Every structure is written in structure tokens, then in C-alpha cells.
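The following note sets out comments on the model shown below.

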Amino acid sequence: SEMCIRDRCNFLQNYSAGGTMINKNVERRTIIMNKKISEKLIHVANGRQKADLVLKNASIVNVFTEDIEIGDVAVVDGMIAGIGIYEGVVEKDMTGKYLCPGFIDGHIHLESSMVAPTEFEKAVLPHGTTAVITDPHEIANVAGCEGIEFMLRYTQDMTLDVFFVVPSCVPSTGLDEAGACLEAADIEPFYENDRVIGLAEMMNSFGVNQADPAILDKINVTLE
């Protein structure tokens with residue numbers, strides 16, 4: 001999953017445009033980039049040293065130019081050092097096979113799949129989805145903070161990277177009878193978790209328009 005690091009960074013930088021508010025500390029606190037640039041990485045990138053792994057003659061999907069490029073992909077310590085012509089300690093022939101960054105599902109309600117997260121993972125990983133951003137809105141409306149905590153624990157050691165946005169409206173409206181009522185003070189502690197990256201879709205647009213203090217508290221807690 002670290003091989004699609006550049007695309008995740010680009011995605012998260014632009015994600016707030018989709019209606020979800022990203023916590024300003026997300027780049028510091030998440031696992032988007034947790035490796036240092038080494039001398040070995042630079043030497044491999046310049047062809048002066050063999051890579052740990054080279055995927056040879058791959059059909060590379062360039063998501064920036066929307067082209068298919070034939071080339072080698074050099075990998076060092078789990079990071080892509082370069083694309084071109086490389087030699088490696090281990091080489092895998094990828095002739096006729098496509099190589100592309102992992103897909104990111106930018107907005108889901110994981111519990112709405114009606115299967116356990118581990119079963120969801122089995123369904124989406126083979127199709128190229130390596131990360132999801134989930135809003136545990138449904139389980140929070142039933143079980144409150146305990147429901148969110150359960151989802152965080154259940155997904156923490158999965159191969160699929162699962163990021164969270166905190167439900168903004170529990171209950172959904174003032175007319176609902178939900179299992180919990182989450183205010184700003186309830187959701188604030190979740191931002192200490194590395195995988196919680198922001199506030200989910202603000203369903204109460206009327207409350208925002210009317211400057212409802214409780215709604216503004218949730219937004220401002222996210223921005224702090």
C-alpha cells in the first residue's frame with residue numbers, strides 16, 4: 001500500500017473540496033508518509049545501485065497523464081525509487097501485466113455493507129481498492145461512541161487501510177430517536193487517533209446556515 005503514497009497525499013490534500021472537513025493536523029498525524037529518504041533510495045533511483053525489488057516490463061498506468069507506459073519499477077525499503085530501466089536483487093517479470101496505484105474509496109459507510117470489515121476487505125482488495133475513508137454514521141446512531149471505537153479497533157490491523165471521518169449528526173435530525181447523541185465534546189477525543197482525519201458530511205446544513213452553536217462547536221473542534 002505504500003507504493004501509492006503519492007496519490008494518497010494528492011487525494012487527502014484535495015479531499016476537503018468534497019464536503020468533508022479535514023482536520024488540519026492530518027498530514028502530521030496519519031501514516032501517509034512514515035519513511036525517510038535514504039542514500040540507498042537516491043542511488044537506486046539514479047541506477048548506481050540495485051533495487052531490492054524490480055517489477056520488470058510492467059504496463060504502468062500513469063494516473064497523471066492517463067497513459068500506459070512500459071517500464072521497470074524499482075522498489076527500495078517498500079518505496080518506489082523510480083520507473084525506467086533498473087536491475088534488482090529480486091526481479092519479477094511483469095510482461096503483459098498492468099501495474100497501477102491502489103484505489104481510494106473516498107466516502108463509504110463500512111457497516112452499511114452488511115458484512116464484517118474483514119469480509120469487506122476480501123471483496124474489495126482483489127479489485128484494486130487499498131484504502132477507504134469511512135463515516136461510521138449508522139453504527140454511531142445505534143451505539144454512539146462505543147460503536148465508533150469498535151470500528152476503529154476492528155479495522156486497525158487489516159491489510160486494507162481504513163481511515164475514518166467522525167459522524168457529524170448523531171442523531172441525523174432532531175426528529176430522530178437514536179441510540180446516542182454526540183456533541184463536540186464527544187467527538188473531539190477521536191481526533192487523537194491517527195486514522196481519524198476529519199468531520200464527516202455535515203448533514204445539518206440548516207444548522208450551519210443558522211449558526212447553530214452546537215454545529216459550529218463540532219466544526220471548530222475539527223479545525224483546532
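1. Glu66 is exposed, with a relative accessible area of 73% (exposed means over 50% relative accessible area, buried under 20%, and partly exposed in between, with a 1.4 Å probe and protein chains only). Glu66 sits in the loop between S2 and strand S3 (67-76), and its phi is near 60°, a positive value in a residue other than glycine. Helices (H or I, at least four residues) and strands (E, at least two) are DSSP runs, numbered from the N terminus.

2. The model is predicted: local features need pLDDT of at least 70, side-chain atom pairs count only at pLDDT 80 or more, and totals for chains, interfaces and linings use all residues. Residues are numbered from 1 along each chain as its sequence is written, and side-chain values use heavy atoms, with hydrogens and water left out.

3. The mean pLDDT of the protein (pLDDT is the predictor's confidence in each residue, from 0 to 100) is 84, and 84% of the residues score at least 70. The pLDDT is below 50 over residues 1-19, a stretch that has 40 contacts in the model beyond near neighbours in sequence. It is also below 50 over residues 24-33, where 20 such contacts are found. A contact means heavy atoms within 4.5 Å.

4. The protein contains eight helices and 10 strands. Of its 224 residues, 42% count as buried. Among contacts with a separation of 6 or more, 74% are between residues 24 or more positions apart. The accessible surface comes to about 12400 Å², and carbon and sulfur atoms hold 53% of that area; areas come from the Shrake-Rupley method with a 1.4 Å probe, and for residues only the protein chains shown count as cover.

5. Asn57 also has a positive phi, near 55°, in a residue other than glycine. This residue lies in strand S2 (residues 51-62) and, at 37% relative accessibility, counts as partly exposed.

6. Which residues are joined by a cis peptide bond? They are Val170 and Pro171, with omega about 5°. Pro171 belongs to the loop between strand S9 (161-166) and helix H6 (184-187).

7. Val170 and Pro171 are also among the residues closest to the centre of the second largest pocket, together with Asn204, Ile215 and Lys218; the lining has 14 residues. The space in this pocket is about 190 Å³. Its lining divides into seven nonpolar, four polar and three charged residues (Ala, Val, Leu, Ile, Met, Phe, Trp, Tyr, Cys and Pro count as nonpolar, Asp, Glu, Lys and Arg as charged, and the others, Gly among them, as polar). On a 1 Å grid over the protein atoms alone, a pocket is an open set of points with protein on both sides within 12 Å along at least five of seven lines, and lining residues have an atom within 4 Å of a point. Grid points are joined across faces, edges and corners, and a volume is the space filled by probe spheres set on the points.

8. Asn141, in helix H5 (residues 137-155), is buried at 13% relative accessibility. Not counting residues up to four places away in sequence, Asn141 touches Cys169, Val170, Pro171, Ser172, Ala178, Gly179 and Ala180. Asn141 and Ala180 are 39 residues apart in sequence, with 5.9 Å between their C-alpha atoms.

9. Asn193 is placed in the loop between H6 and strand S10 (196-199) and is partly exposed, with a relative accessible area of 26%. Its C-alpha atom is separated by 8.9 Å from that of Leu152, 41 residues apart along the chain.

How values were computed:
On a 1 Å grid over the protein atoms alone, a cavity is a set of points where a 1.4 Å probe fits but cannot get out, and a pocket is an open set with protein on both sides within 12 Å along at least five of seven lines; lining residues have an atom within 4 Å of a point.
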